[in-house]
Amino acid sequence: MTAERVFAVGGWSDVAITRHQARRMAREHGVEPRRAGEVAIVVSELASNIVKYGVRGEIALHVAAGSGGGLALTVVASDVGPPIHDVAVAMLDGHDDRGPIDPALLAQRGGLGTGLGAVARLADGLEVRQESGGKQIIATFFRGLPGAA
Amino acid sequence: MATDADGGIAIQETRLTRLIEALSYASIEDYDSCLNLLRNLGTADEFAELETAFTIFIEELAEAKRQLRDALAETEVANRELAAKLATIEMQQAAIRDLSTPIIEVWAGVLCLPVVGIVDSQRSAEMTETLLETIIAKQARTAIVDITGIDVMDTKTADHFIKMAKAVRLLGADCIISGINPGIAQTLTHIGVDLTGIRTLRSLRDALQVHLRETEQLHPGRRAEGES
């Protein structure tokens, strides 16, 4: 039961396509609807961030047997954009990577500043890898997936 | 053709004129007229070899030019197709954005925002902006946000939905949220948001009925449709 799909993300329609395909892929592997919806939200948040900050990038979805015997689903968001200035701050709701977002500017900004926070809440694991020339955000799911203990 | 004492050659002037004429045709890219002049000359001497070589050269040039023209034409067709496809993609992108927040004026002054698919923080922010702007533009008194199609939301996004409902009230309109499913209900109570002043109803149908009944009470005998 190993599968991998990669989606190029360059614009908002790619975000819509990728989140729909992510939910479909999770459902095809027997993930129940609510959890598949959570996978799709995570994919959507990460893809939105690529469009907003990442210049261009891609979302890779892997499904494989996890270490616990159940299924593990991994979302890898890679982009060539600038690094996240402060990952810990960016994780906070209502913050971007440099600090709190002025609520008065929310409307112009597009988005609530809660995307990475949502990823951290909904996924079971989150890892941020930053290198010169790009970054990778890796979200993993195993809780509530088929075969999970 | 004859060779004189100095090694120079003499040829009929007509042959030279013909060659010059052929060259002038070639210079204006009229290769057919050029080659017509050069074919089947029937003389076999050294000058004829030059004429033949010239003919071959012109034939190759004509062929190369023709291929170039064809290639350019093909590229232009491909470019036009690409431009058409890009235009289609742009239109589809606009359509997708519109579809993500389809606000329908179901009655005069009553807006309905049916939310379907996956809602992330980005969509949630866009919906709020569009709904608030539309309430002002349409002078709406009631906004019904139907989330029957949503089975899961991040807690912060759910919280933002409630804030959107409160913002609608600040604009002087009522906001009804309909179709909250058990999962979303648990999310909302889990984060402990203040639901005071937020009206929630089981379904879009209930929301519309409630609105109609209240309009009837406010303006007895008047039907909601005739209000505008």
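**View 1. Domains of chain B.** Chain B is divided into domain 1 (10–97) and domain 2 (104–227). The model shown is predicted. Between the C-alpha centres of domain 1 of chain B and domain 2 of chain B lie 69 Å.

**View 2. Helix 1 against helix 2 in chain B.** Helix 1 of chain B covers residues 13–27, and helix 2 of chain B covers residues 31–38. Their axes come within 7 Å. The crossing angle is roughly 160 degrees. Angles over 145 degrees count as roughly antiparallel, so helix 1 of chain B and helix 2 of chain B are roughly antiparallel to each other. The crossing of helix 1 of chain B with helix 2 of chain B is left-handed.

**View 3. Residues joining helix 1 and helix 2 of chain B.** Helix 1 of chain B contributes Arg18(B), Glu21(B), Ala22(B), Tyr25(B) and Ala26(B) to the contact. Helix 2 of chain B contributes Tyr31(B), Ser33(B), Cys34(B), Leu37(B) and Leu38(B). By class, this contact has 7 nonpolar, 1 polar and 2 charged residues.

**View 4. Where chain B touches chain A.** The contact draws 27 residues from chain A and 19 residues from chain B. On the side of chain B that touches chain A, the elements giving two or more residues are helix 3 (46–100), helix 4 (121–138) and helix 5 (155–170) of chain B. Helix 4 of chain B gives the most, with 5 residues. The residues on this side of chain B divide into 4 nonpolar, 9 polar and 6 charged.

Note on methods:
Residues numbered from 1 in each chain as written. Chains lettered and ligands numbered in written order. Predicted model: local features only at pLDDT ≥ 70, side-chain atom pairs only at ≥ 80, totals over all residues. Contact = placed C-beta atoms within 7 Å. Helix = DSSP H or I, 4+ residues; strand = E, 2+ residues; numbered from the N terminus. Nonpolar A, V, L, I, M, F, W, Y, C, P; charged D, E, K, R; others polar. Axes fitted to C-alpha atoms, helices over the stretch in contact; angles between N-to-C directions. Parallel < 35°, antiparallel > 145°, perpendicular 65-115°, else oblique. Left-handed = near helix turned anticlockwise from the far one by under 90°. Domains from an automatic or database assignment.
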